[in-house]
Amino acid sequence: MTETDASLTLFQRQRPRRLRRSEGLRRMVCETSLSVDNLVYPLFVKEGEGQPEAIPSMPGCFRYPLDRLLEEIEQASELGIGAIALFPVIPNEYKDRRGSESYNPNGLIPRTLRAIKQEFPQMMAIADVALDPYNSQGHDGIVENGKILNDQTVAVLVKQALTQAEAGADFVAPSDMMDGRVGAIRQALDAAGRADVGILAYTAKYASAYYGPFRDALDSAPQFGDKKTYQMDPGNGREALKEVDLDIEEGADIVMVKPALAYLDVIDRIKEHTHLPVAAYNVSGEYAMVKAAAQCGWIDEEKVMLETLTCIKRAGADLILTYFAKEVAALLAR
């Protein structure tokens, strides 16, 4: 060591490594800690009975018939998970151009909500509000002459949200990105005496290529074109703040960014912009990439899974919808 090197070392009063020298010390000064309370578990429910149906593009995820779904929820509850998000697999014969099955009071989601609330009254149930699982065209809105009709779609979404609220949903979650739907749903819920039902708004939902496995799971891929006329352009960040302001004005209780990993900057911007809770959706493509790389032996799945969700929380997410929920909850309980 030269005299100059020794001098520099002598006067280096701040040494960040001092706070990294042991596991206990690192835990003590950790800025972001992931908790099971941050997790929301998305689940796919289908008609019928029998064994859950594996989703090839989402290893470890299944389409559950109702009785098996309740078993899965019981396991999630035992791990400390307090919230689930429901997504329906609708048979083609129930689909039409207006998504009429979406507001059938005896449809799959209302029946599922009633069963969940009977068996697990403390489990927070979040119901997706969108037409793509019910629409024969695979779009989130009513299609006419190749265009997605905004206001006509909102009228159907209101019916869907009211049906879900009546069935026991704690939150309705409009994921369609139609203009004005949050306000219309809030007004309808309040008028129906359902002021206690919350709205988790998909506020900044991007027209992303990360949704492919999810669309496989629901068989809900658009039959023509894409969703770029209503979902956000991946190149836009400031626009997300405009969507936040609109959703807050219209009555949203929680705002969400989807996807999460490629949009950490958007999560951060929104967190700084609002005092509402911020959710983020760790979507199917993000999940599938980790699973595929782990199966090939290229990454340590547990470490990457925990790092991914911790980083989403660090960016500002209070809640994280993730298919990893059960696995992460089990790891956190160790």
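Student: Within what distance do the axes of helix H3 and helix H4 come, and at roughly what angle do they cross?

Tutor: Keep in mind that this is a predicted model. Two numbers matter here, because two packed helices are described by the angle between their axes and the distance between the axes. Helix H3 covers residues 66-78, and helix H4 covers residues 108-119. Their axes come within 11 Å and cross at roughly 40 degrees. That angle makes H3 oblique to H4. The crossing of H3 and H4 has a hand too: it is right-handed.

Now look at the side chains in between. H3 brings Leu66, Leu69, Leu70 and Ile73 to the contact. H4 answers with Arg111, Thr112, Ala115, Ile116 and Glu119. Sort the residues of this H3 and H4 contact by type, and you get 6 nonpolar, 1 polar and 2 charged.

Find helix H8, residues 238-250, and helix H9, residues 264-273. The axes of H8 and H9 come within 10 Å, and they cross at roughly 40 degrees. So H8 is oblique to H9. Their crossing is right-handed. On the H8 side, the contact residues are Arg238, Ala240, Leu241, Val244 and Asp245. They meet Val266, Arg269, Ile270 and His273 of H9. By type, the contact of H8 with H9 has 5 nonpolar, 1 polar and 3 charged residues.

In soluble globular proteins, nonpolar side chains tend to be buried together. Here, the largest nonpolar core has 103 residues. Ile270 is among those with the most contacts inside this core, along with Phe44, Val172, Ile267 and Tyr281. The largest share of the core comes from helix H5, residues 150-167, which supplies 7 residues.

The peptide bond from Lys258 to Pro259 is cis, with omega near -5 degrees. Pro259 sits in the loop between strand S10, residues 254-258, and H9.

Next, go to the loop between helix H7, residues 212-218, and H8. Lys227 is found there. Its relative accessible area is 5%, so Lys227 is buried. Its contacts, not counting residues up to four places away in sequence, include Asp132, His139, Asp140 and Arg215. Gly138, Ala207 and Pro222 also touch Lys227.

Finish with the backbone of two other loop residues. Asn145 lies between strand S6, residues 142-144, and strand S7, residues 147-149. Asn145 is not a glycine, although its phi is positive, about 55 degrees. Met177 also has a positive phi, near 70 degrees, and is a residue other than glycine. You will find Met177 in the loop between strand S8, residues 171-174, and helix H6, residues 181-191.

Met177 has a relative accessible area of 4%, so it is buried.

Conventions: Residues are numbered from 1 along each chain as its sequence is written. This is a predicted model: local features need pLDDT of at least 70, side-chain atom pairs count only at pLDDT 80 or more; totals for chains, interfaces and linings use all residues. Side-chain values use heavy atoms; hydrogens and water are left out. Axes are lines fitted to C-alpha atoms, for helices over the stretch in contact, and angles run from 0 to 180 degrees between N-to-C directions. Helices (H or I, at least four residues) and strands (E, at least two) are DSSP runs, numbered from the N terminus. Angles under 35 degrees count as roughly parallel, over 145 as roughly antiparallel, 65 to 115 as roughly perpendicular and the rest as oblique. A crossing is left-handed if the near helix is turned anticlockwise from the far one by less than a right angle, and right-handed if clockwise. Contact means heavy atoms within 4.5 Å. Ala, Val, Leu, Ile, Met, Phe, Trp, Tyr, Cys and Pro count as nonpolar, Asp, Glu, Lys and Arg as charged, and the others, Gly among them, as polar. Buried means under 20% relative accessible area, exposed over 50%, partly exposed in between (1.4 Å probe, protein chains only). A nonpolar core is a set of buried Ala, Val, Leu, Ile, Met, Phe, Trp, Tyr and Cys residues joined through side-chain atoms within 4.5 Å.
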